[in-house]
There are 2 protein chains.
Amino acid sequence: MSDVVPLTDVRRLSFNQATAEKSSLREVIESCARHEVPSISIWRHKLAELGVAEAAKLVRDAGIAVSSVCRGGMFPAPTQAARIDRIDDNLRAIDEAAAVGAEVLVLVCGPSSDRDITAARAQVAEGIAAIAPHAAASGVRLGIEPLHPAFAGDRSCITTLREARLLSERFDSANVGVVVDVYHVWWDPERDAEIALLGHRIAGYHVNDWLVPARDVLLGRGMMGDGVIELRAIRTAVEKAGYRGPIEVEIFNEAIWARPLDEVMELTKQRFVEHV
Amino acid sequence: MSDVVPLTDVRRLSFNQATAEKSSLREVIESCARHEVPSISIWRHKLAELGVAEAAKLVRDAGIAVSSVCRGGMFPAPTQAARIDRIDDNLRAIDEAAAVGAEVLVLVCGPSSDRDITAARAQVAEGIAAIAPHAAASGVRLGIEPLHPAFAGDRSCITTLREARLLSERFDSANVGVVVDVYHVWWDPERDAEIALLGHRIAGYHVNDWLVPARDVLLGRGMMGDGVIELRAIRTAVEKAGYRGPIEVEIFNEAIWARPLDEVMELTKQRFVEHV
């Protein structure tokens with residue numbers, strides 16, 4: 001595409017901790033600071049290990065922005081009591097996101113609970129409606145992340161940009177948006193049209209790559225440049241839609257997890273300007 | 001769903017050889033005959049082992065119908081010369097399908113060749129246009145099979161029912177249709193609406209199951225009843241659209257491949273009436 005403008009620096013880079021699952025949150029914050037990576041995304045199990053107050057202090061002292069907290073969601077459940085428990089957990093997630101100054105709480109919406117994906121989708125909509133007011137009051141935007149259809153059975157019944165957009169449109173866009181992750185949406189024939197329709201509803205942009213051949217869809221994500229995704233074409237579509245926020249690098253990959261954190265941080269920065 | 005009518009016999013069952021990859025075509029034909037399974041689907045590498053003429057004789061003598069031959073397609077390639085080779089191979093596949101009396105040649109359309117899935121889709125359309133006249137003249141219907149998006153990088157850039165339908169609508173429906181495989185489409189929020197729009201364009205219906213958790217998307221398909229797919233709801237949608245043809249059981253699964261063929265055939269029949 002002739003209208004693609006390469007990134008020349010890492011000012012928009014956010015390092016998602018899923019890329020360094022074996023490291024503690026303290027280690028990732030310190031490595032980001034050493035490598036002048038301006039922003040991070042924090043997972044809740046890492047927040048729980050360190051403590052929310054301590055995490056908030058560390059990122060503040062390091063001058064690092066928190067682009068998002070992962071993850072809320074997982075709304076569908078077989079019983080009403082279980083669904084209420086899930087909502088309560090999401091309210092706590094919103095509090096944690098607010099405490100660390102995160103812009104967005106990413107929602108991985110949850111799978112069907114019993115061979116009825118339509119019912120699960122309705123439960124997701126109810127769940128988001130139940131937590132949206134608390135998110136708004138807390139200054140945290142909810143980001144619905146459609147997941148790759150390979151996760152429809154165990155992580156998210158919301159699988160396409162179109163479905164996520166239609167769901168988000170039930171809410172104020174300042175309160176509820178959509179997170180675009182290239183791994184989940186690169187294959188979609190309606191990808192760029194849906195990104196354009198999202199416009200200011202885009203609440204985050206995540207990059208990584210799709211390796212070929214694909215076997216392990218959970219832990220086989222690739223570093224940018226190692227796979228088949230048209231990264232620059234998708235970023236261009238996202239920017240044309242108006243998004244200029246952080247770009248999170250989120251790579252679930254055991255081979256990358258096994259490498260030293262500082263080496264992964266350097267590689268991430270290099271690939272970010274070369275391929276994103 | 002109240003309007004679901006269970007299957008009470010195996011008259012519509014077709015055993016796809018992919019469910020018994022370790023067996024020869026001769027063994028599968030003989031087992032189908034023993035178990036009164038009325039129809040099979042044949043893969044080309046198995047046809048090549050046995051010889052097309054011998055295979056045609058065996059199925060004829062056994063009184064077994066051939067619901068389809070798998071697979072044509074794989075149209076995208078980096079060079080024009082390579083694309084012509086692919087088209088030549090598809091013309092041979094049509095001849096083989098005609099020789100064994102198959103109703104349908106299933107098309108697995110092929111992945112993007114170089115980080116440009118849009119270009120790959122155009123090459124698929126060109127490829128189908130190039131072979132459709134020979135298919136029509138040979139009495140073989142082409143069945144575009146949208147594959148699960150997990151295969152977009154290595155098997156098919158055609159990933160959704162909608163995209164397959166729009167592609168098929170460029171051709172006479174008697175010549176080019178769409179194959180609906182539950183594994184590939186169960187997650188799609190537009191699934192039932194698209195099945196209704198397909199109507200008489202449905203050229204085949206394949207069943208199996210989606211296991212949870214999903215890790216190996218290639219060889220981790222499940223036997224019907226072992227996963228999360230709403231099989232009866234989807235069959236009901238397919239029948240409402242007008243399809244009353246064979247229902248192929250196609251399961252790529254190493255654990256099932258390791259079991260004795262006659263045992264798999266019995267299990268297939270049992271699960272077919274219990275779950276499909």
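How many residues of chain A are in contact with chain B, and how many of chain B with chain A? The count is 34 residues of chain A and 34 residues of chain B. Before going on: this is a predicted model.

I'll start with the interface. The size of an interface is often given as the accessible area lost when the parts come together. Here chain A and chain B bury about 2,800 Å² between them, and 54% of that is on carbon and sulfur atoms. On the chain A side, the residues that lose the most area to chain B are A:Arg115, A:Trp187 and A:Arg215, which together make up 24% of what that side buries.

Next, the polar part. The rule finds 12 residue pairs in polar contact across the interface of chain A and chain B, both residues being at pLDDT 80 or more. Helix H5 (117–138) and helix H6 (161–168) of chain A are the elements that give two or more residues to the side of chain A that touches chain B. By residue type, that side divides into 16 nonpolar, seven polar and 11 charged.

Now salt bridges. Side chains of opposite charge can pair when their charged atoms come close. Over all chains, a search of the whole structure finds 43 salt bridges, and two are found across the interface of chain A and chain B. A:Glu190 forms a salt bridge with B:Arg162, with the closest N and O atoms 3.2 Å apart.

Within chain B, the side chains of B:Arg165 and B:Glu194 meet in a salt bridge at 2.6 Å, N to O. B:Arg165 lies in helix H6 (residues 161–168) of chain B and B:Glu194 in helix H8 (residues 191–198) of chain B, so this pair ties together parts that are 29 residues apart in sequence. Both B:Arg165 and B:Glu194 are buried.

A second pair in chain B is B:Arg191 with B:Asp192, at 2.8 Å, N to O. B:Arg191 is buried, at 5% relative accessible area, while B:Asp192 is partly exposed, at 32%.

Back in chain A, salt bridges that share partners join A:Arg12, A:Arg235, A:Glu239 and A:Arg244 into one network. A:Arg244 and A:Glu239 form a salt bridge, with the closest N and O atoms 3.7 Å apart. Is each of these two buried or exposed? A:Arg244 is exposed, with a relative accessible area of 59%, and A:Glu239 counts as buried at 12%.

Last item, a histidine. A:His35 is found in the loop between helix H1 (25–34) and strand S2 (39–43) of chain A. A:His35 has a relative accessible area of 11%, under the 20% cut-off, and is therefore buried. Leaving out residues up to four places away in sequence, A:His35 touches A:Asp262, A:Met265, A:Glu266 and A:Lys269.

Notes:
Residues are numbered from 1 along each chain as its sequence is written. Chains are lettered from A and ligands numbered from 1 in the order in which they are written. This is a predicted model: local features need pLDDT of at least 70, side-chain atom pairs count only at pLDDT 80 or more; totals for chains, interfaces and linings use all residues. Side-chain values use heavy atoms; hydrogens and water are left out. Contact means heavy atoms within 4.5 Å. Buried area is the accessible area (1.4 Å probe) that two parts lose on being put together, summed over both. A salt bridge is a side-chain nitrogen of Lys or Arg within 4 Å of a carboxyl oxygen of Asp or Glu. A polar contact is a pair of N or O atoms within 3.5 Å; within protein, one must be able to donate a hydrogen and the other to accept it, and residues adjacent in sequence count only if both atoms are side-chain atoms. Helices (H or I, at least four residues) and strands (E, at least two) are DSSP runs, numbered from the N terminus. Ala, Val, Leu, Ile, Met, Phe, Trp, Tyr, Cys and Pro count as nonpolar, Asp, Glu, Lys and Arg as charged, and the others, Gly among them, as polar. Buried means under 20% relative accessible area, exposed over 50%, partly exposed in between (1.4 Å probe, protein chains only).
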